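Let's walk through this model together, starting with its nonpolar core and ending with an annotated span.

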Amino acid sequence: MALPVQFRIIQHHLRTAQEHEKRDPVVTYYCRLYAMQTGMKLDSKTPECRKFLVKLMDQLETMKKELSDNESISQEVVGNAHIENYALKLFLYADNEDRAGRFHKNMIKSFYTSSLLLDVLSVFGELSEENIQHRKYARWKATYIHNCLKNGETPQPGPIGMGEDEEADEFGAEGFSGLGLSHGGSFRGGPPSQASEDQDHSSVPGPAPGIGFASGPGSAPSGPPTTNYNNIHIPPGAHAPANTPAELPPPTGGIQLSPEDFTKAQKYCKYAGSALQYEDVGTAIQNLQKALKLLTTGKE
């Protein structure tokens with residue numbers, strides 16, 4: 001069924017859902033959920049839009065039944081961790097490639113897809129400031145590198161200057177379909193498969209993991225803007241710790257934990273479990289340490 005023109009803003013989220021249908025149905029489910037929620041707010045009355053949304057709802061209902069035994073679907077905190085870890089894993093792969101000066105289609109798509117999945121995180125609530133910054137940076141970087149390569153220019157690697165108000169939303173009407181990009185293959189502990197890409201980038205550093213709406217279409221930057229953007233925070237787990245930090249203070253008898261503290265500790269443990277699914281020891285350790293500190297000191 002053709003996508004109504006009113007829903008153009010969610011076309012890439014839906015394409016990402018389709019790409020992950022067999023490889024990671026959890027990603028597919030939440031991408032479609034985000035698309036449906038966004039579509040409902042955009043236009044739920046026009047006949048073609050209503051018809052499209054009903055079809056999307058049917059797909060989601062079917063998937064929910066098929067995945068009823070999957071914790072990432074039945075428990076939001078686990079689903080949140082799954083999507084966030086996957087998004088940040090893509091971000092870090094692209095960021096590592098970018099900093100090493102290896103510019104190619106797959107890293108461009110990794111940046112852009114990570115920004116789409118950070119959009120999707122808003123189905124669980126408001127995005128953290130850190131993830132808002134990652135989304136903005138990833139979307140801008142993807143557009144900047146894409147435009148440089150298209151124009152025969154050499155992109156500047158790393159967190160170069162970026163305008164405060166500049167955030168590329170799309171690559172034009174053709175989007176990524178014009179680039180012939182694909183995230184084929186498994187994504188456990190490594191970057192998206194590059195089998196379909198004509199590149200000599202088989203050796204890449206192993207990355208590690210970490211519904212506001214995408215901003216409206218804006219003009220894509222043709223070169224590095226002026227504002228300094230060197231202070232972007234790289235997600236936890238970008239580099240696995242060489243050793244564990246200083247030991248945590250022992251529990252004291254006077255600690256009073258609130259229900260909220262227990263919920264937060266449980267969330268950190270879930271995040272750690274999700275990170276281990278991706279064999280990311282660094283992030284798992286970091287989240288377990290956060291849970292331990294909270295439980296032993298009552299403070300984050």
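In the largest nonpolar core, which has 34 residues, Tyr29, Tyr30, Leu33, Ile83 and Leu117 touch the most other members. Such a core is a set of buried Ala, Val, Leu, Ile, Met, Phe, Trp, Tyr and Cys residues joined through side-chain atoms within 4.5 Å, where buried means under 20% relative accessible area (1.4 Å probe, protein chains only). At least two residues come from each of H1, helix H2 (25–42), H3, helix H5 (76–99) and helix H6 (105–120), with H2 giving the most, 9 residues. Helices here are DSSP runs of H or I with at least four residues, numbered from the N terminus. Domain 1 (5–74) and domain 2 (76–151) each contribute at least three residues to this core; their bounds come from an automatic or database domain assignment.

A word on the model: it is predicted, local features need pLDDT of at least 70, side-chain atom pairs count only at pLDDT 80 or more, and totals for chains, interfaces and linings use all residues. Residues are numbered from 1 along each chain as its sequence is written, and side-chain values use heavy atoms, leaving out hydrogens and water.

Now turn to the lining of the second largest pocket, where Met1, Arg32 and Phe52 are among the residues. Helix H1 (11–19) and helix H3 (47–66) are the elements that give two or more residues to that lining.

Finally, look at residues 259–296, where UniProt, in an unreviewed entry, places the feature "domain: Vta1 C-terminal"; such annotations may be inferred rather than shown by experiment. The span is 92% helix and 0% strand, and its end C-alpha atoms lie 15 Å apart.

Methods
1 Å grid on protein atoms, 1.4 Å probe; cavity = no way out; pocket = protein on both sides within 12 Å on 5 of 7 lines; lining within 4 Å. Buried < 20%, exposed > 50% of the residue type's maximum accessible area, 1.4 Å probe, protein only.
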